[in-house]
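Here are my notes for you, written as a set of numbered points. Have the model open while you read, and click on each residue as it comes up.

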Amino acid sequence: MIRDLGRLKGFEVEWTGRGPDGGRDLVFIEKLTGALSEQRVRWLVQCKDLAQSGRSVTPVDVGSILDIVAQHKADGFLLATTTIPSSGLKSRLDSLDLSKGGPIRTLVWDAAELLHMLRTDEARQIAAIYFPSRNLESERILHGVISSLAALSGNLHFAEHLLDQASTFEPGDKVREALKESLALVDDLHFQFEGPRVGEATLAPADTLVLDDRFWSRIRRRAESFAYVHNSPPVKFVITQPDALRSQRIVGAERTVERVLLELVSNAIRYRKPKNVPQIHILLRRNESHLSILVRSLGIGIEPHDADHVFELGFRGHNAMRVSLRGSGIGLSTARALLHEIGGDIRLVSAQEWTSFEVLLPIGKSA
C-alpha cells in the first residue's frame with residue numbers, strides 16, 4: 001500500500017534486497033527540480049504495522065537509522081506506520097532532520113496522515129484494494145454512538161410504557177423528562193453521524209458561512225443537548241464578535257466549520273471538573289487572509305507532555321482518561337483534517353485550566 005501511495009505522489013519506486021528483519025526495503029526517489037538543475041533525493045522507507053497492538057513505534061523498532069540510510073545510499077528516512085512514533089523516536093528523528101541541523105531528511109507518515117491520504121479522490125482506488133470491506137469513516141462516527149443508542153432505546157421504551165398505561169396513570173413530569181432526554185440523545189446521535197467526512201469537504205458545494213445570530217443559536221442549542229446527555233449544567237457562553245464580522249463569508253463548507261466548533265464545545269462539556277459549570281469563551285478576529293476563532297474553555301486542562309500529541313489520531317491525554325473512559329481520540333484529528341481540506345487549520349494555544357484552541361479559516365469576500 002505504501003508503495004502505491006508513493007507512486008501516486010509521483011515518486012519513483014525501487015525494491016532493494018532483504019533487510020535484517022527478513023523483509024525487502026522500499027526506496028522512493030523524489031525529483032526536486034530547480035531553475036537550473038534537477039536533484040534526485042533517495043528516501044529509505046520503513047513500514048511498521050502495529051495496529052493490532054496499538055503501541056507506538058520505538059527507536060528499537062527502527063534500529064540504527066543512519067546506518068541503514070548509509071547502507072542504501074539514501075538521503076532521507078521515511079517512517080510509515082499504522083500508529084504513531086513514540087516521543088523518544090520523534091525526538092530522535094527531529095535531531096537527525098536536515099532542516100534542524102541534522103545529516104539527513106526525515107519524514108513520518110503516521111496513522112492520521114495515511115488515513116488522510118486514503119480518503120482523497122486520487123487514492124480511493126488504492127483504499128478499495130487494500131480495505132475492500134472496511135469503512136474508513138467508522139473511526140470518526142463510532143465515537144459515542146453505542147452508548148447514546150442504548151440510552152435512547154431505554155428512554156423510549158419507558159415513555160411507551162407510561163403512555164400505554166395512560167388510562168390508569170396520568171402522564172406527568174416523568175414522561176416529559178423521558179421525552180426531553182430522548183430528544184437530547186437524538187440530537188447527540190445526530191452529531192455523531194452528520195457533517196462532512198474527511199475527503200468529502202472539498203467535494204461538497206462551498207456553502208456560504210455567515211457568522212450571524214442564527215449560526216450561534218445553532219451552536220448554543222446543540223451545546224444544550226450535549227450538556228443534558230453528559231449530566232452537565234447548562235453552558236455559559238461568552239461570544240465576542242466585532243459587528244464587521246457578522247456578515248463575514250468563509251470559503252468552504254458551512255457544515256465543516258460548524259462540525260469543528262461543535263467538537264470543541266463537546267470536549268469542553270465532557271472534560272470539565274465535576275463541580276464546575278462549563279464555560280466557553282469565543283473570540284473572533286481577522287487579518288487580511290484568515291479569520292481566527294479562539295475557543296477558550298474552563299476544564300481539566302492538558303498536561304504539558306500531552307500538548308504536542310492532541311491532534312494525533314487515537315491519542316487521548318492523561319487528564320481526559322482520568323475523567324472519562326469514553327472516547328476514541330479521533331475528534332481533534334478529524335477536525336484538523338477537515339480544516340486542511342478547506343485551507344484552514346486548528347492549533348492548541350493554551351493547555352492550562354483555561355484550554356484554548358484557535359480555528360483559522362480562509363476569508364472570502366464580505367457579504
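**Notes on the fold**

1. Start in the middle: the largest nonpolar core has 38 residues, and L261, I293 and V359 have the most contacts inside it. A nonpolar core here is a set of buried Ala, Val, Leu, Ile, Met, Phe, Trp, Tyr and Cys residues joined through side-chain atoms within 4.5 Å. Buried means under 20% relative accessible area, exposed means over 50%, and partly exposed is in between (1.4 Å probe, protein chains only). Two or more residues each come from α10 (213-229), α11 (254-270), β9 (279-286), β10 (290-298), α13 (331-341), β11 (345-351) and β12 (354-362). The biggest giver is α11, with eight residues.

2. A word on what you're looking at: this is a predicted model, where local features need pLDDT of at least 70 and side-chain atom pairs count only at pLDDT 80 or more, while totals for chains, interfaces and linings use all residues. Residues are numbered from 1 along each chain as its sequence is written, and side-chain values use heavy atoms, with hydrogens and water left out.

3. Now zoom in on L261. Leaving out residues up to four places away in sequence, L261 touches F215, W216, I219, I293, V295 and V359; a contact means heavy atoms within 4.5 Å. There is also a second, separate core of 18 residues, including W43, A80, L118 and A123. In soluble globular proteins, nonpolar side chains tend to be buried together.

4. Zoom out to the whole chain. You can find 13 helices and 12 strands, which are DSSP runs numbered from the N terminus (helices: H or I, at least four residues; strands: E, at least two). Of the 367 residues, 47% are buried. Among contacts between residues at least 6 apart in sequence, 67% join residues at least 24 apart.

5. Which order do the five strands of the open sheet take? The order is β7-β9-β10-β12-β11, with mixed pairing. The edge strands, β7 (236-240) and β11, each pair on one side only; two strands pair if DSSP finds at least two bridges between them. Strands β11 and β12 run antiparallel and are joined by six bridges. Look for S350, whose bridge partner in β12 is S356.

6. Helix α10 lies across β7 and β9, at about 160 degrees to β7, while α13 lies across β11 and β12, at about 135 degrees to β11. For these angles, axes are lines fitted to C-alpha atoms (for helices, over the stretch in contact), and the angles run from 0 to 180 degrees between N-to-C directions.
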